[in-house]
Amino acid sequence: MSLIEVKGLKKSYGDVHAVRGVDLQIDQGEIFSLLGPNGAGKTTTVEILEGFRTRDEGSVSVLGFDPQSRGHESRLWRDRIGIVLQSSADAGDLTVIETIAHFSGYYSHPRDVQEVIHSVGLTEKAGALIRNLSGGQRRRLDVALGIIGNPELLFLDEPTTGFDPEARRAFWSLIQKLRSDGTTILLTTHYLDEAEALADRVAVINNGLIIEVSTPADLGGRATSQATVSWRDGEATKSEKTDNPTTLVAQLSASFSGEVPELIVTRPSLEDIYLEMIGGIRE
Amino acid sequence: MNKIPSAVSLGIRRGGLEIRQFSRQRESVVFTILFPVILLAIFGSVFKDTIAPGVTFSQYFVAGMIASGLVNTGFQALAITIPLERDFGALKRLRGTPMPASSYFIGKAILIFASMLIQILLLLGFGVLFFGLEIPTDLAKWVTFTWLVILGSTCSTALGIAFSIVPKSGRGASAVVSPIVIILQFFSGVFFVFTQLPAWMQQIAAIFPLKWLTQGMRAVFLPDTFAAEEVAGQWELGKTFVILLVWLVIGIFFSVRKFKWDRD
């Protein structure tokens with residue numbers, strides 16, 4: 001069943017055509033990642049799905065609801081979604097637990113406050129004023145506020161920007177746990193390794209259009225692309241692209257009679273494929 | 001069917017949270033609540049003249065300060081702090097939750113009303129102790145006072161929320177809002193006796209709520225004989241009520257229709 005259905009979505013700002021006909025279908029229970037360079041139409045698309053922006057053309061259904069409607073129906077809809085924005089802060093005069101407990105009061109079926117604090121790893125900081133949190137801790141608070149309402153659908157916008165590697169790993173396992181609880185997640189990220197680790201499917205958007213939707217492993221024909229085998233031969237490093245790396249390695253092994261010096265077999269990373277798809281431009 | 005909390009109950013919860021948040025911001029507490037008291041201390045000590053039989057300027061000034069406190073704590077504070085909240089992204093985050101806009105507005109109204117009450121108590125205390133202010137004994141005057149504070153505070157809240165859409169950023173908000181408030185105070189007879197101002201100033205002031213609030217507060221705190229000294233020769237309480245109500249409706253209209261949750 002599709003939780004999100006987008007057909008022919010268009011949005012312009014004056015002469016700038018930010019989104020030029022996007023189709024998307026996101027299924028229940030999956031982590032779907034939207035990838036694209038800055039200015040590709042990523043944020044506009046997500047903000048339309050979140051009900052923050054209106055569209056010019058096309059149809060959008062999120063949990064069976066049109067996000068740009070207003071009124072009581074829209075409150076009931078917001079009760080079922082969670083949003084973690086790219087940057088949000090506040091004066092920070094409340095404690096972590098005060099803030100989360102307050103937000104839990106907005107929802108009909110909130111999660112347990114203590115449990116949420118624990119799941120984002122802020123138990124130690126529950127009584128601390130928000131102004132005294134580090135950047136990464138604030139980000140985890142943002143996530144806590146996004147999931148306190150026990151959402152069926154969670155929007156995550158660049159969730160791990162500014163995290164150290166350890167915090168990112170901890171965050172990833174939190175997201176995976178949410179999925180295993182049945183939460184559908186739409187993730188936008190700049191980090192390709194993050195998309196690869198988390199996403200069931202990824203979509204690449206550029207110039208306001210979706211270029212491809214696929215699993216991270218299959219994107220851009222990655223699974224069937226040629227492998228690169230490299231090794232050291234005397235002074236020189238040699239490398240060869242091949243469809244049959246195993247055969248090549250076997251031949252090399254025979255010619256070196258055993259270990260091949262500095263042997264590496266690689267396939268293009270998600271990042272390589274992605275950069276090729278968006279035309280090699282990286283910001 | 002989902003049962004989500006009502007807008008009013010969420011508004012009350014937000015009011016509690018706003019008060020808690022505000023009470024932890026020492027600078028704003030001092031500035032917003034104590035500033036009128038400091039002004040009173042200065043003006044009350046400098047100008048000791050009697051402006052009419054039995055009425056000193058400091059008594060006149062206390063009435064004006066209570067009225068302008070309604071504008072400072074409500075209109076000015078909100079028109080400056082809401083753009084800041086918007087810059088921080090705090091408003092956008094709220095927009096993404098099922099909390100309705102009306103709850104946010106109710107929360108602000110509760111915060112303003114609470115800080116107004118504290119400020120009024122301080123001003124009255126200082127006025128009585130140091131500047132010869134007489135607390136009215138007539139019940140009718142207290143009735144007038146009550147509706148003036150409630151209507152004035154609500155009106156000021158609504159207009160502050162509505163005006164928060166004008167400043168482009170939180171940083172610039174103070175520069176846009178403060179001059180308006182200060183000019184209104186001069187024009188509306190807070191710092192000077194209203195009837196001594198040029199007629200054109202009086203006419204401009206008569207469009208805005210502050211002039212009517214100050215006049216209303218004088219009706220509460222000055223002897224009834226002073227009514228003859230007013231421009232119309234009377235307190236004009238009925239007219240004051242209607243004008244404040246009209247501004248309240250204007251404020252609510254723009255707050256509901258035009259409120260900006262996001263920077264762009």
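Predicted model: local features only at pLDDT ≥ 70, side-chain atom pairs only at ≥ 80, totals over all residues.

Mentor: Two packed helices are described by the angle between their axes and the distance between the axes. In chain B, helix H1 (residues 7–23) packs with helix H5 (residues 101–130) at an angle of about 45°, and their axes are 7 Å apart. Angles under 35 degrees count as roughly parallel and 65 to 115 as roughly perpendicular, so H1(B) is oblique to H5(B). Their crossing is right-handed. On the H1(B) side, the residues making the contact include Ala7(B), Leu10(B), Arg14(B), Glu18(B) and Phe22(B). H5(B) contributes, among others, Tyr104(B), Gly107(B), Lys108(B), Leu111(B) and Ala114(B). Sorted by class, this contact has 12 nonpolar, six polar and three charged residues.

Now for the sheet. In chain A, three strands form an open antiparallel sheet in the order S11-S10-S12. Strands S11 (236–242) and S12 (264–266) of chain A are at the edges, each with a single partner strand, so each has one side without a neighbour in the sheet. From one strand to the next, the twist averages 20°. S10(A), residues 227–233, pairs with S12(A) over three bridges in the antiparallel sense; Val229(A) has Val265(A) as its bridge partner there. A helix packs on this sheet too: H8 (residues 245–255) of chain A touches S10, S11 and S12, and the direction of H8(A) makes about 15° with that of S10(A).

Technical notes: Residues numbered from 1 in each chain as written. Chains lettered and ligands numbered in written order. Axes fitted to C-alpha atoms, helices over the stretch in contact; angles between N-to-C directions. Helix = DSSP H or I, 4+ residues; strand = E, 2+ residues; numbered from the N terminus. Parallel < 35°, antiparallel > 145°, perpendicular 65-115°, else oblique. Left-handed = near helix turned anticlockwise from the far one by under 90°. Contact = placed C-beta atoms within 7 Å. Nonpolar A, V, L, I, M, F, W, Y, C, P; charged D, E, K, R; others polar. Pairing = 2+ DSSP bridges.
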